[in-house]
Amino acid sequence: MLDQIIKRMLYLVPVILGVILVTFVIIHAIPGNPAEVILGLDATEENVAELEKKMGLDKPFHVQYLKYINQLLHGDLGYSYRTRRYVIDEVRSRYPNTIKLTLVAIAFVVVIGGIIGIICALKPDSYSDFTLRGFSVLGISLPEFWSGFLLILLFAVYLKWFPSEGKHGITSYLLPAFTLSLSSIGMTSRLIRSSLLEILREPYIRTARSKGVSKLMVVMRHALKNAMIPALTIFSFQIGRFLGSAVVVETVFNWPGMGRLAIEAIMGRDIPLIQASILILALTYVFINLIADLLYLILDPRIRYT
Amino acid sequence: MRTIKNIWDNKTLLVGVIIIAVMVFLAIFRGWIAPHDPYKQDLENVLQSVSLKHPLGTDEFGRDILSRIIYGTRITLTIIVSSVFLGGIVGCLLGIIAGYFGKYADATIMRLMDIPLAFPGMLLALAVVEIVGKGILGLIIATSIYSVPQFARLVRACILSTRESLYVQAARALGENHLNMVWRYILPSIWAPIMVLASIRGAIVILVACALSFLGLGVQPPFPEWGSMIAAGKMYLVRAPHLTLFPGLAITFTVFGFNLIGDALRDIMDVKLS
């Protein structure tokens, strides 16, 4: 077990370097000269050249890349062109908000998705199974920027239960987190249903049933544990979706998180900020993948990395 | 033959195909079907609600929303088809090379394919669209990049499992060349999973493309793209919710159609996507 875990941890090094490299390449491929962006329209050519030299933009690519890695190792993400603040400070104030939102969304997925999946598996092909399955396909098909507005209209404008935007207290988490979780609820419930149905055919379930244990008890005590393993495989993928969708959902709900930071940076052509927000969301995803893989190793000892 | 009969019996697939067929029909004959000119402004009738003259109301410039949605089908379908096709072709080619030739080609290609998958999909599309530029072409390229590794992985896995089957070995023993081996013996047996993945990707491509347009990074106004219509409508969410409601319904329906088709095909052909 331990060598498996170490092996998986070591794999992290090339992945992280790769992610940094790709982010770096992407940012460099974006048209436009950073020095011109900073100096504005009325800068002379000499001014631009001088600033380029000062920022090291005239150096060859690999030198800039190594310098960038060196900066990252020192926790230096540069400073924002627009606000003139250190990027790390911007990130520090935004990052926790995205993570909190993601955690609430995960809670929604586990609870609602789990319950729907179990109900469907208990009575397969019944009326309720059919309806709930229909809803889960619908959940997967909803664009977040639209379902978000529908929820705002219903719960914030007409019913006035929750605030429509921003981050003010606990109730303001519910709408954006629910919007974020809708498609994952659909996916998870379907997966739990199908893997539960498969497991319910196993001999050990029949044994438990013939001993007189009720169907619900069998599911809760015996089947659910095993049905969770396939759900876990898409777990990291789902969080990847959350981190990507944060860009959209945080824009809809005016949520002060990393996703909106990225959009604001893109709109303002604020390159260090674009770079940092993409890099940090991607690295978060890398670590989530690591955690999911490690959990997987612990929960299912049959799995081995080669 | 059994497969064809199953297709007719499968109501999920039927509904999905009908939805997509309607979208294709609208996209082709949009000029005849749309009741109004989708670009024609009528500043005296802005933000009108549902009426006989304008079945889905008018937008902030008095343009007919129904006509704009109908015109938007062609933009959306163009993006989906081109994006899935582009990503599918490149991905399948890489997957074939990796799976069929193995060894170094396999190791190199599959490691390269891991790179885009290390990013959340939406984020990668966002970054790529910044490079290739806004507009339809930008959206097509940005959304196709995430398809490439998925098709490559799928095709590679399928080839690895068919490569050792008897009929492929027999063909090899008969001295077929590489191209024939892949084209005539291996590809026909892996069409089913490719089609399933293509329809699932179709659904995701619309969602990502419309989201990018919604954020102002995709198709720009005045083109009637559904995502950018929602972005324009959000200003009037309370006063005129139909501006947001109907384009979103169009997106949901189209995605729903692709998801139904993907689901049904997966059941019929008994495909397991890992």
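1. Domain bounds here come from an automatic or database domain assignment. On that basis, chain A splits into domain 1 (2–73) and domain 2 (94–299). Keep in mind that this is a predicted model, where local features need pLDDT of at least 70 and side-chain atom pairs count only at pLDDT 80 or more, while totals for chains, interfaces and linings use all residues. Residues are numbered from 1 along each chain as its sequence is written, and chains are lettered from A and ligands numbered from 1 in the order in which they are written.

2. Start with the overall look of chain A. You'll find 13 helices and zero strands (helices are DSSP runs of H or I, at least four residues; strands are runs of E, at least two; both are numbered from the N terminus). Along the principal axes, the C-alpha atoms fill a box of roughly 85 × 55 × 30 Å. Of the 306 residues in chain A, 36% are buried, meaning that 20 or more other C-beta atoms, placed from the backbone, lie within 10 Å of the residue's own.

3. Now back to the two domains. Their centres in chain A, taken over C-alpha atoms, are 33 Å apart. Still, 13 residues of domain 1 of chain A are in contact with 13 residues of domain 2 of chain A (contact: C-beta atoms, placed from the backbone, within 7 Å). On the domain 1 side, α1, α2 and α3 (34–39) of chain A each give two or more residues, and α2(A) has the largest share, with seven.

4. Have a look at α1 (residues 2–10) and α13 (residues 271–299) of chain A. Their axes, which are lines fitted to C-alpha atoms over the stretch in contact, come within 11 Å and cross at roughly 165°. The angle runs from 0 to 180 degrees between N-to-C directions, and over 145 counts as roughly antiparallel, so that is what α1(A) and α13(A) are. Q4(A), I5(A) and R8(A) in α1(A) meet L290(A), D293(A), L294(A) and L297(A) in α13(A).

5. Which helix gives the most to the side of chain A that touches chain B? First, the totals: the contact takes 34 residues from chain A and 31 from chain B. The top contributor on the chain A side is α11(A), with eight residues. By class, that side has 27 nonpolar, six polar and one charged (nonpolar: Ala, Val, Leu, Ile, Met, Phe, Trp, Tyr, Cys and Pro; charged: Asp, Glu, Lys and Arg; polar: the others, Gly among them).

Terms used:
Parallel < 35°, antiparallel > 145°, perpendicular 65-115°, else oblique. Contact = placed C-beta atoms within 7 Å. Buried ≥ 20, exposed ≤ 12 C-beta atoms within 10 Å, placed from the backbone.
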